[in-house]
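Welcome, and please keep the sequence and the 3D view side by side as you read. We will walk through the fold one piece at a time.

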Amino acid sequence: MSKTVREIAELMGVSSDNLVKEKQRIRDEIKRQKIKVTKQGNKFVIADGDVEKIVGVLQSRAKEESSKKIEENED
């Protein structure tokens, strides 16, 4: 089973307000890791193993960004 970029964003629990930004972050990460994307019908899909890698990296980055914002707010 494979997932589209939108399905990956929904898996990460992104709100509809931030969906476009998160989808772009996912696409950027796909390019950064040079992940092979296949086309099924009119959708581009990513293999489940690659989805795990993408989600892991993006979640760790989100935690880092949120911790930086908290530190800035404390100052």
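Thr38 stands opposite Val45, a residue of β3. This pair belongs to a predicted model, in which local features need pLDDT of at least 70, side-chain atom pairs count only at pLDDT 80 or more, and totals for chains, interfaces and linings use all residues. Residues are numbered from 1 along each chain as its sequence is written, and side-chain values use heavy atoms, with hydrogens and water left out.

The strands β2 and β3 run antiparallel and are joined by 3 bridges. Two strands are said to pair if DSSP finds at least two bridges between them. Strands themselves are DSSP runs (E, at least two residues), as helices are (H or I, at least four residues), and both are numbered from the N terminus. Between β2 and β3 the hairpin has 2 residues, and Gly41 in this hairpin takes a positive phi near 70°.

Now widen the view to the whole sheet. Its 3 strands form an open sheet in the order β1-β3-β2, with antiparallel pairing. Because β1 (2–3) and β2 stand at the edges, each with a single partner strand, one side of each is left without a neighbour in the sheet. On the β1 side, 2 bridges join β1 to β3 (residues 43–47), and these strands run antiparallel too. Lys3 has Ile46 in β3 as its bridge partner. Helix α3 packs on the sheet and touches β1 and β3, its direction making about 80° with that of β3. Such angles run from 0 to 180 degrees between N-to-C directions, with axes as lines fitted to C-alpha atoms, for helices over the stretch in contact. As a general point, strands of a sheet pair through backbone hydrogen bonds, either parallel or antiparallel.

Stay a moment with β1, where Ser2 is found. Is Ser2 buried or exposed? Ser2 is buried, because its relative accessible area is 17%; buried means under 20% relative accessible area, exposed over 50%, and partly exposed in between (1.4 Å probe, protein chains only). Leaving out residues up to four places away in sequence, Ser2 touches Glu7, Gln40, Val45, Ile46, Ala47 and Asp48, where contact means heavy atoms within 4.5 Å.

How do these pieces follow one another along the chain? From the N terminus on, the elements run β-α-α-β-β-α, which gives 3 helices and 3 strands. The C-alpha trace spans about 50 × 25 × 15 Å along its principal axes. Of the 75 residues, 27% count as buried. Among contacts between residues at least 6 apart in sequence, 56% join residues at least 24 apart.

Glu29 lies in helix α2 and is buried, with a relative accessible area of 2%. Not counting residues up to four places away in sequence, Glu29 touches Ile54, Val57, Leu58 and Arg61. In helix α3 you will find Asp50, which counts as buried because its relative accessibility is 18%. Beyond its neighbours within four places in sequence, Asp50 is in contact with Ile35 and Lys36. Asp50 and Gln33 are 17 residues apart in sequence, and their C-alpha atoms are 9.3 Å apart in space.

Lys34 sits in the loop between α2 and β2 (38–40). With a relative accessible area of 75%, Lys34 is exposed. Its phi is near 55°, a positive value in a residue other than glycine.

Our last stop is the largest pocket, with a volume of about 300 Å³. On a 1 Å grid over the protein atoms alone, a pocket is an open set of points where a 1.4 Å probe fits, with protein on both sides within 12 Å along at least five of seven lines; lining residues have an atom within 4 Å of a point. Of the 13 residues that line the largest pocket, Glu22, Arg25, Leu58, Ala62 and Glu65 are the closest to its centre. Which elements give two or more residues to this lining? They are α2 (19–32) and α3 (48–74), and the largest share, 6 residues, comes from α3. By class, the lining has 4 nonpolar, 1 polar and 8 charged residues. Here Asp, Glu, Lys and Arg count as charged, Ala, Val, Leu, Ile, Met, Phe, Trp, Tyr, Cys and Pro as nonpolar, and the others, Gly among them, as polar. The volume is the space filled by probe spheres set on the grid points, which are joined across faces, edges and corners.
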